[in-house]
Amino acid sequence: METPDFFEIEAAGPSSSETPDYARTAPAEGMWAAGERVTSVAGLVLALSAFMGWYSGSGVGVKLSVIGWNSGVLGKLVFFVGLAVLALVALHELGFELPAAVPESLIVLALGALGTIFVLIRLISIPDAVLPADGRGIGIWIALIAALGVIAGGLLRASEEL
């Protein structure tokens with residue numbers, strides 16, 4: 001009976017004159033893989049924040065709360081920005097890769113900046129359609145934190161790509 005030889009010399013690998021194959025590296029693990037998790041959680045919270053109370057106030061004997069979806073076009077756009085972030089994360093998980101000229105972290109950063117701008121506009125300017133709701137509700141602050149979280153996730157993903 002013959003035992004296998006574990007130290008057999010394999011055929012020589014590619015010669016040094018050939019160009020190496022520059023494949024993408026394996027995804028980071030541990031703390032460095034936090035970029036994708038932060039992006040997905042912040043995108044989900046940003047999308048859901050459009051259905052939270054952005055404005056509150058009271059009239060004669062009535063307490064009023066207006067959700068972000070009913071605050072105008074910008075409230076709806078915040079939802080769709082969060083949905084776009086979730087779609088980008090889902091496509092990445094399914095194995096779809098964007099071209100190398102367009103890094104995913106750049107798209108995540110752009111979506112986060114867009115969401116932040118939309119929320120800041122609604123934070124500064126209360127639409128006339130929601131009056132007498134003259135105060136800001138907790139939902140708009142959650143939306144702002146989630147939009148900033150998308151930016152942070154994009155920055156973490158950019159550091160993972162380097």
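## Nonpolar surface patch

In this predicted model, L44, L48 and F51 make up a nonpolar patch on the surface. Together these three residues have about 280 Å² of accessible area (Shrake-Rupley method, 1.4 Å probe, with only the protein chains shown counting as cover for residues). Patch members have over 30% relative accessible area and no salt bridge, and nonpolar side chains (Val, Leu, Ile, Met, Phe, Trp, Tyr) are joined within 5 Å. A salt bridge is a side-chain nitrogen of Lys or Arg within 4 Å of a carboxyl oxygen of Asp or Glu.

L44 lies in helix α1, residues 34–49. Its relative accessible area is 42%, so L44 is partly exposed (buried is under 20%, exposed over 50%, partly exposed in between).

## Nonpolar core

The largest nonpolar core has 24 residues, and L46, W54, Y55, V78, V119, I140 and V150 touch the most other members. Such a core is a set of buried Ala, Val, Leu, Ile, Met, Phe, Trp, Tyr and Cys residues joined through side-chain atoms within 4.5 Å. Two or more residues each come from α1, β1 (53–58), α2 (73–93), α3 (104–124) and α4 (138–161). Helix α4 gives the largest share, six residues.

Leaving out residues up to four places away in sequence, L46 touches V78, V81, G82, A143, A146, A147 and V150 (heavy atoms within 4.5 Å).

## Overall fold

The protein has four helices and three strands (DSSP runs of H or I, at least four residues, and of E, at least two, numbered from the N terminus). Of its 162 residues, 33% count as buried.

## Basis

Residues are numbered from 1 along each chain as its sequence is written. Local features need pLDDT of at least 70 and side-chain atom pairs pLDDT 80 or more, while totals for chains, interfaces and linings use all residues; side-chain values use heavy atoms, without hydrogens and water.

Technical notes:
Patch = residues over 30% accessible without salt bridge, like charges linked within 9 Å, V, L, I, M, F, W, Y side chains within 5 Å. Buried < 20%, exposed > 50% of the residue type's maximum accessible area, 1.4 Å probe, protein only.
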